[in-house]
Amino acid sequence: DVDTDLQPRPPVVTIMGHVDHGKTSLLDALRGTDVVAGEAGGITQHIGAYQVTLKSGAKISFLDTPGHEAFTEMRARGATITDIVVIVVAGDDGLMPQTIEAINHTKAAGVPMIVAINKMDKPGSDANKIRTALLQHDVQVEAMGGEVQDVEVSALKKTGLDELTDKILLQAELLELRANPDRMAEATVVEAKLDKGKGPLATVLVRRGTLRTGDIFVVGTESGKVRALVNDKGQQVKEAGPSVPVEVLGLTGVPMAGDNLAVVENEARAREVALYRQQV
Ligand code: GTP
Ligand code: NA
Ligand code: MG
C-alpha cells in the first residue's frame with residue numbers, strides 16, 4: 001500500500017466453528033439482536049457481515065460463517081478476508097470436524113486466533129478439557145503455556161462478552177490495522193445474489209478508501225455504479241469506510257464471493273477495466 005495517509009481501522013473478525021456450537025448466537029449476543037430465530041432451522045446458510053460498536057466507542061466488524069460441512073469454501077474465504085478469527089467451541093461438545101477444519105484454515109491464512117469456549121452455562125461444559133484437546137491440534141492457549149488467547153463465554157446468558165471483545169481489541173492493537181479512508185474505495189465481495197426486486201446485490205467489506213453512492217466501479221468482470229448502500233441494520237447510508245460491511249446496489253451482474261471491487265474515475269475507465277478482465 002503506497003498510501004501515506006493511513007488511519008486506524010476496526011478489526012475484521014471471522015467467527016468459525018462446528019455446526020451449532022453457537023457462532024450466530026454469540027454474534028447475536030454481541031449485537032443485541034436475534035438473527036438465529038430468523039434462520040431456517042437455525043442454520044446459517046451464508047456469511048453474515050456486521051459491525052458492532054462497543055460502549056467505549058470502539059468498533060469491530062464481524063463475519064459469521066456456517067458450520068455445516070457443505071460450506072468449507074465459505075470458511076476458507078472467511079479466513080482470508082479477516083484480521084482475527086474467533087474459533088467457537090461448545091464447552092459440552094468439544095473439538096469436532098468443523099472446529100478442526102476452522103483451525104486449519106486459520107493457520108493456513110496466517111491469521112491470529114482467539115478461542116471462545118461457549119455454552120459455559122451448560123452443566124456438562126468443561127473448559128479445561130477443551131484446552132487440553134486443543135494441544136493435539138497445535139493450539140496452545142495461555143493456560144497451557146502458549147500464546148493463543150481463550151475466553152469462556154455463554155451466548156445464552158451473555159457472559160464473558162466484554163472479555164471476548166477486550167481480547168479482540170488487544171489483538172487488533174498488536175496488528176496495528178490501518179487504512180487510508182481518503183481514496184477511491186477497494187472492497188472484497190463477501191457474498192452476492194440476484195434479488196428479484198432489487199437486482200444483483202453484493203455484500204462487500206471495504207478494505208481501504210470510502211465507498212460512496214454514485215461511485216463508478218469494476219467488480220470481477222462487471223462494471224457498475226453505486227445506486228444505494230445499505231448497512232447491516234438495513235438502513236440506507238451514503239458512504240462506507242475501511243472495515244465497514246455494506247450491501248451495494250447498482251451492479252450489472254452478480255459477482256463472485258472473493259471478487260475485488262475497485263472504484264475508478266469514470267465509466268469509460270470502468271468499461272476498459274471490465275473488458276480487460278473478461279479477456280484475461
Ligand atoms: P450453524 O450456523 O448452523 O453452524 O450454527 P451456529 O454455530 O451459528 O449455532 P447457533 O447460534 O445456531 O446455536 C445452536 C444452538 O445452540 C441453538 O439452539 C442455540 O440456542 C444454542 N446455544 C448457543 N449458544 C449457547 C449457549 O451459550 N448456551 C446454551 N445453553 N445454548 C446455546
Ligand atoms: Na445453528
Ligand atoms: Mg450460525
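**Chat about the fold**

Author: Starting with a pair in the sheet: valine 12 stands opposite serine 61 in S4. Strands here are DSSP E runs of at least two residues and helices are H or I runs of at least four, numbered from the N terminus. Two strands pair if DSSP finds at least two bridges between them.

Reader: Before we go on, where do the coordinates and the numbering come from?

Author: This is a predicted model, where local features need pLDDT of at least 70, side-chain atom pairs count only at pLDDT 80 or more, and totals for chains, interfaces and linings use all residues. Residues are numbered from 1 along each chain as its sequence is written, while chains are lettered from A and ligands numbered from 1 in the order in which they are written.

Reader: OK. In which sense do S2 and S4 pair, and over how many bridges?

Author: Strand S2 (residues 12–17) and strand S4 (residues 59–64) are parallel, with four bridges. Valine 13 has phenylalanine 62 of S4 as its bridge partner.

Reader: And what joins S2 to S5?

Author: Five bridges, and those two strands also run parallel. Threonine 14 stands opposite valine 85 in S5, and the bridge partner of isoleucine 15 is valine 86. Going on from there, S5 is joined to S6 by six bridges, again in parallel, with methionine 113 of S6 as the bridge partner of valine 85.

Reader: What's the strand order in the sheet?

Author: S3-S4-S2-S5-S6-S7, an open sheet of six strands with mixed pairing. Strand S3 (48–53) and strand S7 (149–152) are at the edges with a single partner strand each, so one side of each has no neighbour in the sheet. From one strand to the next, the twist averages 25°; axes for such angles are lines fitted to C-alpha atoms, for helices over the stretch in contact, and angles run from 0 to 180 degrees between N-to-C directions.

Reader: Is S2 buried or exposed?

Author: Six of the six residues of S2 are buried, so the strand is largely enclosed by the rest of the structure. Buried means 20 or more other C-beta atoms within 10 Å of a residue's own, exposed means 12 or fewer, and partly exposed is in between, with C-beta atoms placed from the backbone. Val12, Thr14 and Met16 cover one side of S2, and Val13, Ile15 and Gly17 the other. S5 is mostly covered too, with seven of its seven residues buried.

Reader: Which strands does helix H6 lie across?

Author: Helix H6 (residues 161–175) lies across S2, S4, S5, S6 and S7, at about 165° to S7. Helix H5 (residues 127–135) lies across strand S5 (84–90), strand S6 (113–118) and S7, at about 145° to S6.

Reader: Switching to the ligand. Which residues come nearest to ligand 1?

Author: Gly22, Thr24, Ser25, Thr44 and Gly67, out of 22 residues around it. A residue is near a molecule if its C-beta atom, placed from the backbone, lies within 6 Å of it. Helix H1 (residues 23–31) gives the most to that shell, with three residues. H1 itself is mostly covered, as eight of its nine residues are buried. Glycine 32 follows H1 and has a positive phi, near 70°.

Reader: Which residues other than glycine have a positive phi?

Author: Lysine 158, at about 60°, is one of them, and glutamate 176, at about 50°, is another. Most residues other than glycine have a negative phi. Lysine 158 is in the loop between S7 and H6 and is partly exposed, with 15 other C-beta atoms within 10 Å.

Reader: Last one: what does UniProt list for residues 8–178?

Author: The unreviewed entry gives "domain: Tr-type G" for residues 8–178. UniProt positions follow the numbering used here, feature names are shortened, and annotations may be inferred rather than shown by experiment. Over that range the chain is 35% helix and 22% strand, with the end C-alpha atoms 4 Å apart.

Technical notes: Contact = placed C-beta atoms within 7 Å.
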